[in-house]
Amino acid sequence: MSAGSGATGVIDGLQCGRYDAALLSQMRDSGVRAVTITASFWEDAMETMDALTRWNDTVRNAPDVALIARTGADIDEAVASNRIAIVLGTQNSSLFNDRIGFVEHFWNMGVRIVQLTYNIQNAVGSSCYEPHDSGLSRFGHEIVEEMNRVGMLVDLSHVGERTSLEAIIASSRPVIINHANARSIYDHARNKGTEVLDALVARGGVLGVCTYNNIAGEYAATLDGSAELIAKHVELLGVDHVAYGSDLDPNAPADNIPWMRQGRWSRKMQHGASRPDLAPPPEAWIDNFDFHKFGAVRDRIVERGLLTSDEAEQVFYGNWKRVYDEGFVPLDAQSGAGNGAEK
């Protein structure tokens with residue numbers, strides 16, 4: 001197989017860069033069929049709407065390159081028309097401004113995936129870096145229920161262990177962890193413990209294995225290590241529950257990392273996923289933004305006999321597609337009642 005081969009290409013569960021038509025064309029031509037972007041980290045409702053406006057403008061000005069995916073069928077359309085599907089997501093629930101009604105507003109604006117917390121405690125629950133995880137709040141329970149209702153996927157990537165477990169249990173629909181790893185494979189606060197992952201699998205969720213070097217260590221340093229990281233997760237969780245989430249930030253400005261780590265909440269240096277107590281991990285093999293490397297990892301997994309070609313296709317495309325097909329549909333539309341939002 002060539003690096004860009006595969007029946008349908010690759011769905012990347014999470015990126016957090018800045019995009020223009022040229023970069024989206026590069027991803028499309030590399031075999032990326034859909035990508036979840038990060039519209040906001042710390043931004044409130046108005047600032048997130050500004051980001052959505054920029055995305056609408058970018059896609060409107062490049063109609064032959066990209067489309068915004070509001071349904072799983074939109075990803076099918078992107079594949080059929082040789083475009084890349086943009087899934088609108090955020091890495092925090094700050095866009096809701098602590099208002100339950102804003103969940104539906106943002107769903108109507110196209111947001112389909114929201115991470116409950118980013119790197120600090122919020123009104124919903126705890127992040128993975130809090131010294132004490134207070135769990136899912138009463139408001140958090142309401143947010144999860146409302147996201148379930150409208151058809152917005154709950155993401156737990158930066159969320160604390162107790163809050164993650166309680167969110168999985170509270171959710172009536174499968175949740176996702178779109179850019180993290182198993183702590184048993186690489187020990188890091190951002191990665192997930194056994195109890196959380198067992199609950200995720202039991203309730204039909206999916207983990208997007210992440211080749212970000214800070215949370216993947218030596219596995220991220222080479223093509224073979226990246227392939228082994230994904231194969232180990234398939235062995236641990238089962239092929240139905242593993243996908244890919246690069247966490248790349250292509251085209252990002254120099255101040256993007258301080259913004260991601262500090263936002264407006266701290267004047268002190270925040271290390272985020274870096275480990276100041278350890279030597280820096282080796283540079284990630286995939287970090288030069290050559291998007292053909294996504295397909296190269298998939299193909300190396302098959303070449304080494306770690307997975308079959310069908311299993312690799314499921315991990316790099318099929319599992320996210322299944323979750324999106326099911327998760328982006330409002331509950332009342334699933335039951336046939338309809339709510340006027342789903343056409």
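A polar contact is a pair of N or O atoms within 3.5 Å; within protein, one must be able to donate a hydrogen and the other to accept it. Keep that cut-off at hand. The model used in these exercises is predicted.

**Exercise 1. Arginine 28**

Task: Find the helix that holds arginine 28, decide whether arginine 28 is buried or exposed, and work out which backbone oxygen lies by its side chain.

Solution: 
- Step 1. Arginine 28 sits in helix α1, which covers residues 21–29.
- Step 2. Check the surface. The relative accessible area of arginine 28 is 14%. Buried means under 20%, so arginine 28 is buried.
- Step 3. Look at the side chain. One of its polar atoms lies 3.2 Å from the backbone oxygen of aspartate 64. The cut-off is 3.5 Å.
- Step 4. List the surroundings. Setting aside neighbours within four places in sequence, arginine 28 is in contact with Arg33, Asp64, Val65, Asn82, Arg83 and Ile84.

**Exercise 2. Arginine 267**

Task: Locate arginine 267 and decide whether arginine 267 is buried or exposed.

Solution: 
- Step 1. Arginine 267 is in the loop between α10 (256–262) and α11 (292–303).
- Step 2. Its relative accessible area is 86%. Exposed means over 50%, so arginine 267 is exposed.
- Step 3. Take a distance. The C-alpha atoms of arginine 267 and alanine 170 are separated by 35 Å. Along the chain, these two residues are 97 residues apart.

**Exercise 3. Cysteines**

Solution: 
- Step 1. Recall the bond. A disulfide is a covalent bond between the sulfur atoms of two cysteines.
- Step 2. Cysteine 128 is buried at 13% relative accessible area, and cysteine 210 is buried at 0%.

**Exercise 4. The cavity**

Task: Find how many cavities of 30 Å³ or more there are, and describe the lining of the largest cavity.

Solution: 
- Step 1. There is 1 cavity of 30 Å³ or more. The largest cavity holds about 40 Å³ of space.
- Step 2. Its lining residues include Met147, Leu153, Arg173 and Gly327.
- Step 3. α5 (138–150) and β6 (153–155) each give at least two residues to this lining.
- Step 4. Sort the lining by type: 5 nonpolar, 3 polar and 1 charged.

Key
Residues numbered from 1 in each chain as written. Predicted model: local features only at pLDDT ≥ 70, side-chain atom pairs only at ≥ 80, totals over all residues. Heavy atoms only, no water. Buried < 20%, exposed > 50% of the residue type's maximum accessible area, 1.4 Å probe, protein only. 1 Å grid on protein atoms, 1.4 Å probe; cavity = no way out; pocket = protein on both sides within 12 Å on 5 of 7 lines; lining within 4 Å. Points joined across faces, edges and corners; volume = space filled by probe spheres on them. Helix = DSSP H or I, 4+ residues; strand = E, 2+ residues; numbered from the N terminus. Nonpolar A, V, L, I, M, F, W, Y, C, P; charged D, E, K, R; others polar. Contact = heavy atoms within 4.5 Å.
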